[in-house]
Amino acid sequence: MQSLKEKDKLYIWHPYTAFLPAPEPILIVKGKGSYIENDEGNQYLDAISSWWVTLHGHGHPYIAEKIYRQALELEQVIFAGFTHRPAIELAERLLQVLPGSLSKIFYSDNGSTAVEVAIKMALQDWWNFGETKRTRVLAFRNAYHGDTFGSMSVSDRSVFTRAFEDKLFEVVFIDTPTAENIATLKNLVEQESDTIAAFIYEPLVQGAGGMKMYDAVLLNELLATCKSSEVICIADEVMTGFGRTGRLFASEYAATKPDLICLSKGITGGTMALGATACNQRIADAFMSEDRLKTFFHGHSFTANPIACAAALASLDLLQKTSCLENISAITARNLSFVNQVSACPTAKNARACGTIMAFDYDSGRYDYLSNVSSKITAFMLERGVYLRPLGNTVYIMPPYCMLMEELDRVYAVIVEYLKLDRA
């Protein structure tokens with residue numbers, strides 16, 4: 001009789017995973033708090049929040065109860081022509097906490113689709129107003145916005161997009177702002193603005209591109225120039241949203257606010273798939289027309305799934321508790337301290353932190369996503385009861401907010417152990 005792991009190899013295609021050499025999958029059977037547990041009873045501290053989504057830890061009873069109650073009442077209904085309480089309440093609460101003056105929420109399924117929605121809204125905004133020249137999108141180099149075609153188009157050309165590059169639409173790529181290049185970037189926006197429809201960016205931290213961080217003040221300068229040039233600003237807060245950078249949203253660090261914000265990952269506390277795109281009234285007004293051709297023809301079968309919306313409401317309840325906000329602050333402070341500690345290790349380059357995100361580049365001789373050091377580090381950590389999944393040679397932690405300080409210290413200690421053993 002075949003084991004579950006054997007059936008997995010037979011039937012399942014895992015994301016970002018090569019078939020050869022075929023990796024041995026780890027069968028996870030349970031999660032509780034900061035830990036996940038495999039079929040052999042081994043527990044691992046989930047130091048990356050299961051791909052950045054599990055804000056409050058695994059198996060949170062409050063979220064589970066809300067999901068259960070909603071499933072008994074209404075599990076799914078078409079969202080074209082119908083509505084329901086969880087979607088309405090969630091939209092209202094999101095608009096209350098999101099930075100800037102946003103007025104509408106459009107639901108989708110995940111981060112990539114939330115970005116697709118924002119791109120299509122921005123491009124159709126200009127089309128609806130009869131503007132035919134504003135068709136290009138401005139984006140940062142090293143960006144990653146998802147794996148659907150529009151999201152790939154506004155992502156930097158990399159291993160994620162290489163097989164499809166001739167199918168992606170034209171994008172104007174620029175560097176993230178520095179003191180040396182900010183004047184050049186602003187000048188480019190002003191000169192090219194008559195053809196640029198929108199600017200999309202990951203505020204403060206470029207996630208899958210290697211946890212690269214940049215300055216909020218300089219971002220604000222660039223956003224202000226975009227705004228004065230009537231370029232629509234799209235903040236991809238799929239990863240940075242819901243407390244990851246220390247504040248509820250990374251866009252809070254800049255005085256100039258985006259016209260659209262993309263959300264997913266932590267929105268449901270890691271329990272259900274859900275995406276959301278928030279827009280301001282200027283965007284919504286472009287679609288306020290009796291001309292049906294100006295309708296936003298976009299949707300998903302599970303748009304605003306009631307159970308997912310109920311989970312998101314429960315996660316917001318937990319996120320806004322004083323205890324959770326205090327934990328975010330404590331993790332932020334601890335990360336900054338660990339940056340100083342790990343910087344003393346010669347093989348740890350460019351140690352950095354932003355809120356609950358801490359990262360450094362491991363000096364392995366290869367500096368990209370295909371670096372094989374990632375699997376070596378992951379295996380080392382798993383043997384010591386910690387789960388990390390480096391982005392190539394970029395080692396990072398992004399713990400759930402429920403992680404105890406002694407648990408976080410254990411993660412730090414295992415990282416230092418690896419760096420010291422490797423140096424020796």
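Student: In E6, which residue is the bridge partner of Phe 140?
Tutor: Start with the strands (DSSP runs of E, at least two residues, numbered from the N terminus, as helices are for H or I runs of at least four). E5 and E6 (residues 171-174) run parallel and are joined by four bridges. That counts as pairing, because DSSP must find at least two bridges between two strands. The partner of Phe 140 in E6 is Ile 174.

Student: What kind of model is this?
Tutor: Residues are numbered from 1 along each chain as its sequence is written, and side-chain values use heavy atoms, with hydrogens and water left out. Local features need pLDDT of at least 70, side-chain atom pairs count only at pLDDT 80 or more, and totals for chains, interfaces and linings use all residues, since this is a predicted model.

Student: In E7, which residue is the bridge partner of Ala 139?
Tutor: E5 also pairs with E7 (residues 196-201). The sense is parallel, over four bridges. For Ala 139, the partner in E7 is Ile 200.

Student: How many residues of E5 are buried?
Tutor: Buried means under 20% relative accessible area, exposed over 50%, and partly exposed in between (1.4 Å probe, protein chains only). Arg 136, Leu 138 and Phe 140 point one way from E5, while Val 137 and Ala 139 point the other way. All of them are buried. For E5 (residues 136-140), the count is five of five.

Student: Which residues are linked with Arg 136 in a network of salt bridges?
Tutor: A salt bridge needs a side-chain nitrogen of Lys or Arg within 4 Å of a carboxyl oxygen of Asp or Glu. By this rule there are 17 salt bridges. The network joins Arg 136 to Glu 170 and Glu 192.

Student: How far apart in sequence are the parts that Glu 24 and Lys 9 tie together?
Tutor: The two form a salt bridge, with their closest N and O atoms 3.3 Å apart. Glu 24 lies in the loop between H1 and strand E1 (28-32), and Lys 9 in helix H1. Glu 24 is exposed at 52% relative accessible area, whereas Lys 9 is partly exposed at 45%. The pair therefore ties together parts at a separation of 15 residues.

Student: Where do Arg 85 and Glu 89 both lie?
Tutor: Their side chains meet in a salt bridge at 3.2 Å, N to O. Arg 85 is exposed at 62%, and Glu 89 is partly exposed at 31%. They are four residues apart, about one turn, and both lie in helix H4 (residues 85-97).

Student: Which helix holds Glu 417, the salt-bridge partner of Arg 384?
Tutor: The closest N and O atoms of this pair are 3.0 Å apart. Arg 384 lies in the loop between H12 and strand E15 (386-387), so the pair ties together parts that are 33 residues apart in sequence. Arg 384 is partly exposed at 27%, and Glu 417 is partly exposed at 31%. Glu 417 lies in helix H13 (residues 405-423).

Student: Is Thr 378 buried or exposed?
Tutor: Thr 378 sits in helix H12. Leaving aside neighbours within four places in sequence, Thr 378 is in contact (heavy atoms within 4.5 Å) with Tyr 387, Leu 388, Arg 389 and Pro 390. At 13% relative accessibility, Thr 378 counts as buried.

Student: What is the volume of the largest pocket?
Tutor: On a 1 Å grid over the protein atoms alone, a pocket is an open set of points where a 1.4 Å probe fits, with protein on both sides within 12 Å along at least five of seven lines; lining residues have an atom within 4 Å of a point. Grid points are joined across faces, edges and corners, and the volume is the space filled by probe spheres set on the points. Of the 42 lining residues here, the closest to the centre are Pro 15, Tyr 16, Thr 17, Pro 23 and Arg 389. The volume is about 1800 Å³.

Student: Which helix gives the largest share of the lining of the largest pocket?
Tutor: H1 (4-11), H2 (49-52) and H12 (373-383) each supply at least two lining residues. The largest share is six residues, and it comes from H12.

Student: How many nonpolar residues are in the lining of the second largest pocket?
Tutor: Ala, Val, Leu, Ile, Met, Phe, Trp, Tyr, Cys and Pro count as nonpolar, Asp, Glu, Lys and Arg as charged, and the others, Gly among them, as polar. This pocket holds about 700 Å³ and is lined by 33 residues, with Tyr 16, Gly 111, Tyr 144, Val 238 and Lys 265 nearest its centre. H5 gives the most, three residues. Ten of the lining residues are polar and six charged, and the nonpolar count is 17.
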